[in-house]
Amino acid sequence: MKDKAVGKLIKQEAKRQQETLMMIPSENYASQDVMDALGSVFTNKYSEGYPQKRYYQGQKYSDMLEELAIERAKKLFKVPFVNVQPYSGSPANTAIYFALLKPGDKIMGLALPSGGHLTHGVPKITFSGKFFQTVQYDVAKDGRIDYDAVERMATKEKPQIIVAGTTHYSRLLDFKRFAQITEKVNALLMVDVSHVIGLIVAGVYPNPVPYAHVIMTTTHKTLRGPRGAIILVTDKGLKKDPEMGEKINKAVFPGLQGGPHNHVTAAMAVCFQEASKQSFIKYGQQIVKNAKVLADELKKMGYELLSGGTDSHVIVIDLRSIGLLGNTAAEALEAAGLVLNRNAVPFDTNPPYFPSGIRFGTPGMTSRGLKEKQMKQVAKWIDKVLRGLKEEKERLKIDSLGERKRDNRNKIIAETSVIKTVAREVKALCKKFPIRKYY
Ligand SMILES: Cc1ncc(COP(=O)(O)O)c(C=O)c1O
């Protein structure tokens, strides 16, 4: 690369990825074929519109490419309609609301600390919460969705759309029950499977296609493709509104976006093909096996996990019982080579930037080839670091308010000597399991 500054940063990032464990559950390693498509000449092309109806010339191959991506997606997810143009998950969810709701209509979604996404109607701070009325359901005390409570809220609030979809809810969603509730109140069921689409493809997570009207998924998480998103309309959706696909298309372009990112469309087509292979099914199964082992080990060590464990790819530790903030834990674990994120827990009394939990998952580690044996080791490392932090925090007499100050966090982390040892061990494991370029 001629640009030395950017070239250097790419090399440094590659080294960081190679030498640490990617435990953020929404991240993954795209294959070399996906990367090649992303870096291809399709990045040069403008294609406003849809195949066979574009506003610019020179579309012969862009049309064929978008049609190929759509056909592969339809086949993989078994739906009659797909739009592959959304730039990412948030604009895709916005496009669904724009297509199917009127301003002021009501969205009902899972609250953020319980595992919903910002775009699922979080009030005040988001587009979905400003342009629409919103109501939010929470998980119950046991950390699971109480479907009777969801039904009571839906009956009272009469939303136009109910969103089922999560970012850190580790249990399986009951799409059939969601469908019963939406039918009772004559709402639309929108399912956001961004996190779990790879597990659905692998058959280890319930498939929402028979129950939802419209489905959104990002393509860069468990699906292991490029950063982007797609919107699927099901047979049920088309039965409810035969124009639904057309409305989605119009909302994406010209409603909210300009030209599609053709290089991303190319990479999507590649990832749909990769996800249709037998090896991908094995991959999805292993993600869940790994997550269950990791969760069980941590539970045995006494950690409090949201909902008591996991049935999917994601785990959240509630750190309140060990008296640490999520940001301190996440910063220290990063220093140890275990890269995950701070996360709110349901009914969190701490603010989002200083929350009470950490979230992590197994999609990235599983892509790298790690299995149950290594998960046991990862649990030991997490425990070593968290216990070390707790002891240092107590020794330094820093309370939770004090812990919000960076200097104090730095002090706690610097004094936790075990971090350096774990970092060395993590690096050695990463060397044994290099990021593969081809799947
Ligand atoms: C469930 C869910 N929906 C939507 C999104 C938004 O996707 P993006 O970050 O691509 O806008 C995310 C991203 O974290 C997500 O987890």
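Seven strands form an open sheet of mixed pairing, in the order β4-β10-β9-β8-β7-β5-β6, where strands are DSSP runs of E of at least two residues, helices are runs of H or I of at least four residues, and both are numbered from the N terminus; two strands are taken to pair if DSSP finds at least two bridges between them. From one strand to the next the twist averages 20 degrees, with axes fitted as lines to C-alpha atoms, for helices over the stretch in contact, and angles running from 0 to 180 degrees between N-to-C directions. The model is a predicted one, in which local features need pLDDT of at least 70 and side-chain atom pairs count only at pLDDT 80 or more, while totals for chains, interfaces and linings use all residues. Residues are numbered from 1 along each chain as its sequence is written.

Within this sheet, β4 is joined by three bridges to strand β10 (residues 229–233), and these two strands run antiparallel; N83 stands opposite I231 in β10. Strand β5, in contrast, takes part in parallel pairings, with five bridges to β6 and two bridges to β7. Residue I107 has a bridge partner in each of these strands, namely T134 in β6 and I161 in β7. Four of the five residues of β5 are buried, so this strand is largely enclosed by the rest of the structure; a residue is called buried if 20 or more other C-beta atoms, placed from the backbone, lie within 10 Å of its own, exposed if 12 or fewer do, and partly exposed in between.

Helix α4 lies across β5 (106–110), β7 (161–165), β8 (188–192), β9 (214–218) and β10, and runs at about 165 degrees to β9. One of the residues found in α4 is L100, which is buried because 22 other C-beta atoms lie within 10 Å. When its neighbours within four places in sequence are left aside, L100 is in contact with I161, L188, V214 and K247, contact being defined by C-beta atoms, placed from the backbone, that lie within 7 Å of each other. By comparison, L100 and K390 are 290 residues apart in sequence and 49 Å apart in space, C-alpha to C-alpha.

Helix α4 (residues 89–100) also contributes three residues to the shell around the ligand, which is the largest share. In total 14 residues surround the ligand, and the closest are S88, G89, S90, H117 and S194; a residue is included if its C-beta atom, placed from the backbone, lies within 6 Å of the molecule. By class, the shell comprises one nonpolar, twelve polar and one charged residues, where Ala, Val, Leu, Ile, Met, Phe, Trp, Tyr, Cys and Pro count as nonpolar, Asp, Glu, Lys and Arg as charged, and the others, Gly among them, as polar.

A further open sheet is formed by four strands in the order β11-β12-β15-β14, with antiparallel pairing, and its edge strands are β11 (304–305) and β14 (341–343), each of which pairs on one side only. Five bridges join β12 (residues 314–318) to β15 (residues 357–361), and the bridge partner of I317 in β15 is I358. Helix α12 (residues 278–300) lies across β11, β12 and β15 at about 15 degrees to β12, whereas helix α13 (residues 326–335) lies across β14 and β15 at about 165 degrees to β14.

Several local backbone features were also noted. The peptide bond from F253 to P254 is cis, with omega near 10 degrees, and P254 is found in helix α10 (residues 244–256). A positive phi, near 45 degrees, occurs at K158, in the loop between α6 (147–157) and β7, and K158 counts as partly exposed because it has 13 C-beta neighbours inside 10 Å. Phi is likewise positive, near 60 degrees, at F347, which is placed in the loop between β14 and β15 and is exposed, with 12 other C-beta atoms within 10 Å.

Methods
Two residues are in contact if their C-beta atoms, placed from the backbone, lie within 7 Å.
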